[in-house]
Amino acid sequence: MIPAPVVLLCRTGSRLLLRRPAAHRPSWARRTIFLRTALAMATGRKGNHSSSPLHTNRLINEKSPYLLQHAHNPVDWYPWGQEAFDKAKREDKLIFLSVGYSTCHWCHVMEQESFQNEEIGQILNENFVCIKVDREERPDVDKVYMTFVQATSSGGGWPMSVWLTPDLKPFVGGTYFPPEDGIYQVGFRTVLLRILEQWKRNKTTLLENSQKILSALLARTDVGAQGEEVPPSSKEVISRCFQQLSESYDDEYGGFSESPKFPTPVNLNFLFSYWALHRSTPEGARALQMALHTLKMMAYGGIHDHIAQGFHRYSTDQRWHVPHFEKMLYDQGQLAAAYAKAFQISGDEFFADIVADILLYVSRDLSDKSGGFYSAEDADSYPTVLSKAKQEGAFCVWPAEEIRQLLPDPIEGILERKTMADVFMHHYGIKEDGNVNPMKDPHNELKGKNVLIVQYSLELTAARFGLGMEQLKTLLTQSREKLFKAREHRPRPHLDSKMLASWNGLMISGFAQSGAILDKEEYVDRAMRAAHFLQNHLFDAHTGKLLRSCYRGQGNSVDKSSVPIYGFLEDYVFVIQALFDLYEASLNPSWLEWAVQLQHKQDELFWDPKGFAYFSTEAADPSLLLRMKDDQDGAEPSPNSIAVTNLLRAASYSGHKEWVKKAGQILAAFSERLLKIPVVLPEMARATAAFHLTLKQVVICGDPAGEDTRELLQSFYSTYTPNRVLILADGDSTGFLYHHLPFLASLEKKDGKATAYLCENYSCSLPVTSSQELCRMLLP
């Protein structure tokens, strides 16, 4: 049990931190509670145009877009580092730690209300050492203190506000605070003054309690296996995970919650794998239906940007209609891969169109000239160039009157006198007085506005107006193009031009997998450009280490922090996964060589030889109180979940069998969680099948430029089968693969034709030379 904080803050005598959530409630559910509460609490405005700044603090020297957003606050912010720690100890002051990210809506609200407030700034400067952290730049710091907040409060989320002793131990924390006391929550000013009072009066008790909290957190976050524990049963884990997902599934709208509703690619990937392993069963059919229906409903919904492509972060309602409007790179990468797999399985061109939609958005709006990918676009923007304050969704929503002005052309050849606007508004659910539920619009920012949502099928809209299908498709395409051009004249949302190794890895996988499945060479080329970017800007060849982040510079340059932030476990696993995906799409073995090199470095930096599995951070940073192992797949899969499959793939390509053993040890370390609540680790649950069934090595012998080889490769790419790797044996006896897999030398073409072999544990099946035979061989 985590001890309750000792600091009493509210006039009623109740504690600042609300009731602790039930032990079984996952963090996404706790975040849901926070979001609902925050909607009722926040009252301020955001983002005024600024003139010459009155204040400048140390953050002006940072590269992070989030830290730079706070560089002109009256708060004397420090970045996370030794200078701030030394000041707190020297002056015996508490630390106020504020964590957020540059496209965080409620971070903007709290900055406007509290951090730009001169009086609150004075209280902070005189009594606290104030540290600002970009959670995307330092996920290690964020994870430690978010674990504390979630363990001791009613939820988690950003902005995260935590008070620390001078030796960095947390004792009280929360998320968003309004500046003044309200009905629902104590105000930030009151919190500061009460904490200061307790520090002066009860310092000894507070320090003792902070140590107890830290000890409890250490015990709570300990994940590991004892001795020679074995991995859990794959059948039991994936059966229970499917059952738990089925129980939370929304049959009408898809997805796995009511509201807010998040894209969950980890769930969809699990369901695809479950279907592949249970194709002939009712449960298998149900799994596939759940995944495909969710993807379709998301694509129809307002969470999908129908005008400028890509997907927003999440939907505030059950129907996927009214989104939180920020767009994150990690969503685009994972969703592109999920929609590509949906096409691969179903053959439905609808899913291929959504892949093209996502990758167009990323190529156009989130791509740096260096080849890297930017992190995100904000939810908030100025409605017009003359506006004084930003509003959420202003860049994306539409009044009906504007659409009528943009689409006035009459439609020829139908009985009714209708315009393009009439058809467009009908199809996308646009209403004259707006289509946003006021309950989803606490600040009336969307009043009278419309969020586009596909209200009717193409067939129903065509029948309603007496149009042919091709005529309707052309009309809707032309209408969207006109709205896109009009939207380009609006002030754009803030772009977070930070480039992260981990998220670039996820996006490389999205491009590489999509390129292979859809047979789009330009997507594979884009993935290779991004991989070269990682080599050039986020890899230290001298140490063999990845770097965490870099930033868009002036012109075509790329900037780096003066003090480098080295990569975390998530950077390694997502980049290694991307390199494996890129090899399978491009067949260039140099990507395999680098992946294997990085896997060795990952083992060196993060492996826990006692409890098994990987720590999220290196051991070298003394400022981190906890060295943790993520135990939940969330918006991104947990690093250890991806690491299991990476290790199995690495072993298949290199013959290094020790990595298979490590994969099993990770599963053993997480066995209790996998057996009880696998729904929180669907990616790792999926990996249990890969471990127990072993990966199939699909070896194709042939000239990569030959038509017969390409035909076999296309069969591989077009068939969905989990738990497999592709190896091209091109006859280069001095190459990476032949060096590590000597058995390849014994495999030959058959009758001079490109030939495929299915190998398990380096024992190969009879050769096949036709694509039809290969497809049959690939099926479980």
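How many nonpolar, polar and charged residues are in the lining of the second largest pocket? By class, 13 are nonpolar, 7 polar and 9 charged (nonpolar: Ala, Val, Leu, Ile, Met, Phe, Trp, Tyr, Cys and Pro; charged: Asp, Glu, Lys and Arg; polar: the others, Gly among them). The model is predicted: local features need pLDDT of at least 70, side-chain atom pairs count only at pLDDT 80 or more, and totals for chains, interfaces and linings use all residues. Residues are numbered from 1 along each chain as its sequence is written, and side-chain values use heavy atoms, without hydrogens and water.

**View 1. Lining of the second largest pocket.** Among its 29 lining residues, F350, D353, I354, Y428 and R480 lie nearest the centre. Two or more residues each come from α11 (282-300), α13 (349-365), α16 (458-465) and α17 (469-487). The most, 8 residues, come from α13. A pocket is an open set of points on a 1 Å grid over the protein atoms alone, where a 1.4 Å probe fits, with protein on both sides within 12 Å along at least five of seven lines; lining residues have an atom within 4 Å of a point. Helices are DSSP runs (H or I, at least four residues) and strands likewise (E, at least two), numbered from the N terminus.

**View 2. The F311 and Y339 ring pair.** The ring centres of F311 and Y339 are 5.8 Å apart with planes at 25°, so the pair is stacked (Phe, Tyr or six-membered Trp rings pair with centres within 6.5 Å; stacked means planes under 30 degrees apart, edge-to-face over 60, tilted the rest). F311 lies in the loop between α11 and β6 (314-315), and Y339 in helix α12 (residues 329-346), 28 residues apart.
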